[in-house]
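Please look over the chain below before reading on. The text after it walks through a few places in turn.

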Amino acid sequence: MTDQASKSTRLRRRVLWASLAIIVVAAGIILGISGYAASSLTKFERVPIGSNPADFGLEYADVSFPSRDGLTLRGWWLEGGDDSPTIVVVHGSEGNRADPAERMLGIARDLVTHGYNVLMFDMRGHGESGGEHISAGLYEKNDLLGAIDYVRVRGIENKIGVLGFSMGAAVCLMAAPESEEIDAVVADAAYADIVSIIESEFAERSDLPGFFIPIILSMTRNIYDVDFTAIKPEEAVRETSVPVFIIHGEQDEMIPVEHAYRLKEASQNPDSRLWIVPEAQHADSYLVRPTEYKEQVISFFDEALD
């Protein structure tokens with residue numbers, strides 16, 4: 001082999017190794033970014049509980065109960081009457097049972113004053129409940145089903161309605177076809193599917209190319225056992241026979257209002273309702289129209305739980 005040929009061979013090898021090194025480094029960067037994003041999708045910093053029902057003139061009892069998969073959940077029981085229906089109120093992601101952004105306690109006061117029992121609790125990974133990860137509703141269904149079980153353990157035999165906000169609304173919709181104990185659902189600011197929301201948020205908050213999305217979803221599934229592609233409240237609504245009341249703010253930039261129309265269209269129950277609040281943003285319909293909100297929600301529950 002001539003010196004020239006030998007130099008050419010060495011050069012090709014160097015180029016090859018350099019190319020492989022670049023590929024390895026690039027793959028490491030992609031996996032690192034995707035891993036961080038996957039972790040961010042499944043864990044949020046807990047928000048401390050800053051108020052309680054007594055601040056709204058309500059008597060209450062601290063309670064705890066297990067989720068269907070064994071986590072300890074903590075909440076409040078607000079008595080309306082032994083023979084009254086019960087409303088289970090479910091907060092959204094990054095919140096808790098007293099989340100001021102959703103005026104959880106204000107709504108609870110309205111329901112108790114009307115005569116309903118109310119159960120408020122922290123979902124897994126939130127507030128004072130157990131668990132370290134969240135799953136956009138995939139496993140939180142077990143939390144709501146555990147709350148339904150707790151209502152029955154208390155000896156309450158009357159009907160049960162559920163009222164949820166954002167992720168909590170999606171949880172309510174997905175739990176409904178899995179429990180014969182849920183008789184009505186109010187879903188405020190729910191998503192019809194979560195992947196489209198993840199894609200939208202990723203595009204808005206990141207300059208990274210779209211090919212990261214399937215990698216992130218794959219890592220979330222393989223590392224945290226959370227399959228976001230399986231989170232489809234729209235399909236759950238098609239499978240449930242109970243009436244659903246879909247509430248959504250027309251100005252919602254986090255979950256576009258089209259999701260509300262999809263959810264309402266999916267319902268097979270003629271008593272289901274849709275209320276689009278023109279000036280409301282994400283999950284703040286109660287804030288902008290508290291009196292009308294109270295009247296509409298109570299009217300729906302009164303009819304569904306009679």
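The model shown here is predicted. Its chain has 306 residues, and 50% of them are buried. The secondary structure consists of ten helices and eight strands. The accessible surface of the chain is about 14400 Å², and carbon and sulfur atoms account for 51% of that surface. Contacts can also be sorted by how far apart the partners lie in sequence. Among contacts between residues at least 6 apart in sequence, 74% join residues that are at least 24 apart.

Helix α2 covers residues 104-114 and helix α10 covers residues 290-304; their axes come within 11 Å and cross at roughly 50°. Because of that angle, α2 counts as oblique to α10. The crossing of α2 past α10 is right-handed. On the α2 side the contact is made by Ile107, Asp110, Leu111 and His114, and on the α10 side by Tyr293, Lys294, Ile298, Phe301 and Asp302. Sorted by class, this contact of α2 with α10 has five nonpolar residues, one polar residue and three charged residues. The spacing of such contact residues can be read against a general rule. An α-helix has 3.6 residues a turn, so residues three or four places apart point the same way.

Tyr293 deserves a separate look. This residue is found in helix α10. Is Tyr293 buried or exposed? Tyr293 counts as buried because its relative accessibility is 1%, and the cut-off for buried is under 20%. Leaving aside neighbours within four places in sequence, Tyr293 is in contact with Ile107, Leu163, Phe165, Asp188, Ile247, Trp275, Ser285 and Tyr286.

The axes of α3 (residues 140-153) and α4 come within 9 Å and cross at roughly 70°. The two helices, α3 and α4, are therefore roughly perpendicular to each other. In this pair, Glu140, Lys141, Leu144 and Leu145 of α3 meet Met167, Val171, Cys172, Met174 and Ala175 of α4. The contact of α3 with α4 divides into seven nonpolar residues, no polar residues and two charged residues. How many residues of α4 are buried? Helix α4 spans residues 167-175, and nine of its nine residues are buried. Among them are Gly168, Ala169, Ala170 and Leu173.

Loops can hold buried residues too, and Ser67 is one example. Ser67 sits in the loop between β1 (61-66) and β2 (72-78). Its relative accessible area is 5%, so Ser67 is buried. Not counting residues up to four places away in sequence, Ser67 touches Leu73, Arg124, Asn142, Asp143 and Gly146.

Most residues other than glycine have a negative phi. Glu94, in the loop between β3 (86-90) and α2, has a positive phi near 65°. Glu94 counts as partly exposed because its relative accessibility is 44%. Asp225 lies in the loop between α6 (212-224) and α7 (233-239), and its phi is also positive, at about 60°. With a relative accessibility of 52%, Asp225 counts as exposed.

Technical notes. Residues numbered from 1 in each chain as written. Predicted model: local features only at pLDDT ≥ 70, side-chain atom pairs only at ≥ 80, totals over all residues. Heavy atoms only, no water. Axes fitted to C-alpha atoms, helices over the stretch in contact; angles between N-to-C directions. Helix = DSSP H or I, 4+ residues; strand = E, 2+ residues; numbered from the N terminus. Parallel < 35°, antiparallel > 145°, perpendicular 65-115°, else oblique. Left-handed = near helix turned anticlockwise from the far one by under 90°. Contact = heavy atoms within 4.5 Å. Nonpolar A, V, L, I, M, F, W, Y, C, P; charged D, E, K, R; others polar. Buried < 20%, exposed > 50% of the residue type's maximum accessible area, 1.4 Å probe, protein only. Areas by Shrake-Rupley, 256 points an atom, 1.4 Å probe, with all protein chains shown as cover.
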